Amino acid sequence: MSLKKLLPISPVAILLFVLILAGWTCPVLYFGKSFFASQKSVLLPQLGAATGELFTSHEWWRLLVSQFLHVHFLHMLFNALSILILASSLERARGWLALLAIYFIGGLTGQAASAWYYPALVTDGASQALMALCAGMLVLQPRSKVTWFAGLVVAIQVALDVHAIAGIKAGHLYGFVAGLLVSLLIALRQKNQLAKENASL
């Protein structure tokens with residue numbers, strides 16, 4: 001099987017990938033740091049990262065922008081490449097609207113949960129949206145050759161969380177659950193549409 005068939009190129013998936021790379025490049029240029037150096041998380045709110053203050057300032061746009069900012073280069077690269085792989089599979093199988101619904105609802109929910117549970121910390125990164133995509137793959141593409149990768153990503157994230165805080169980070173958990181619920185709704189809607197089409201034949 002060719003690489004193109006295993007991992008087809010999908011426009012919206014590429015757009016998400018580019019946005020994450022742009023979200024890394026902007027702080028590099030703004031703060032004048034090396035491209036591969038870690039960012040200082042305390043500075044990222046200047047460019048849109050979130051903290052618990054958003055619940056009083058109501059700067060909800062930070063829940064969106066913060067998804068494209070990262071502290072560590074390797075973390076950003078892992079998220080960007082994983083999202084490119086999983087989003088490509090979901091976009092080709094279920095369409096770009098389904099992909100964006102899973103990505104952004106899961107991402108926004110995860111960012112909000114992270115800011116709520118850890119208000120003193122800076123919330124950033126695409127991990128929450130990535131967890132939502134993993135849930136989407138498990139629900140909508142259980143037999144895909146890419147779904148094993150989604151399971152691997154979840155396992156890696158759980159292992160890192162347990163190592164860091166002896167539990168699952170709220171943003172990752174809520175992002176996954178939101179992605180799960182959205183995916184179930186998408187599956188139900190598409191199943192009903194297919195039933196109506198078959199009934200009309």
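1. At 9% relative accessibility, Q157 counts as buried, because the cut-off for a buried residue is under 20% relative accessible area. The model under review is a predicted one. Q157 belongs to helix α8, which covers residues 147–165. Leaving aside residues up to four places away in sequence, Q157 touches S127, M131 and H172.

2. The secondary structure of the chain consists of 9 helices and 0 strands. Read along the sequence, the pattern is α-α-α-α-α-α-α-α-α. The radius of gyration is 17 Å, close to the 17 Å that the globule rule gives for 201 residues, so the chain is as compact as a globular protein of that length. The C-alpha trace spans about 60 × 40 × 30 Å along its principal axes.

3. Two further values describe the chain as a whole. Of its 201 residues, 43% are buried. Among contacts with a separation of 6 or more, 73% are accounted for by residues 24 or more positions apart.

4. The packing of helix α7 (residues 127–140) with helix α9 (residues 170–200) deserves attention. Their axes lie 7 Å apart and form an angle of about 35 degrees. The crossing of these two helices is right-handed.

5. A second pair is formed by helix α5 (residues 73–94) and helix α6 (residues 96–117), which pack at an angle of about 135 degrees with axes 7 Å apart. The two helices are therefore oblique to each other. The contact is made by I83, A87, L90, E91 and R94 of α5, together with W96, A98, L99, I102 and Y103 of α6. These residues divide into 8 nonpolar, no polar and 2 charged.

6. Helix α2 (residues 11–31) contains L29, and A22 is also found in α2. L29 is exposed, with a relative accessible area of 67%, whereas A22 counts as partly exposed at 32% relative accessibility. Each residue may be considered with a partner elsewhere in the sequence. L29 and W60 are 31 residues apart in sequence, and their C-alpha atoms are 25 Å apart in space. A22 and F68 are 46 residues apart in sequence, with a C-alpha to C-alpha distance of 7.8 Å.

7. H58 has a positive phi of about 60 degrees although it is not a glycine. H58 is placed in the loop between α3 (54–57) and α4 (61–65), and with a relative accessible area of 48% it is partly exposed. A166 likewise has a positive phi of about 60 degrees and is not a glycine. The place of A166 is in the loop between α8 and α9. At 68% relative accessibility, A166 counts as exposed, because exposed means over 50% relative accessible area.

Technical notes:
Residues numbered from 1 in each chain as written. Predicted model: local features only at pLDDT ≥ 70, side-chain atom pairs only at ≥ 80, totals over all residues. Heavy atoms only, no water. Axes fitted to C-alpha atoms, helices over the stretch in contact; angles between N-to-C directions. Helix = DSSP H or I, 4+ residues; strand = E, 2+ residues; numbered from the N terminus. Left-handed = near helix turned anticlockwise from the far one by under 90°. Parallel < 35°, antiparallel > 145°, perpendicular 65-115°, else oblique. Contact = heavy atoms within 4.5 Å. Nonpolar A, V, L, I, M, F, W, Y, C, P; charged D, E, K, R; others polar. Rg over C-alpha atoms; globule rule 2.2 N^0.38 Å. Buried < 20%, exposed > 50% of the residue type's maximum accessible area, 1.4 Å probe, protein only.
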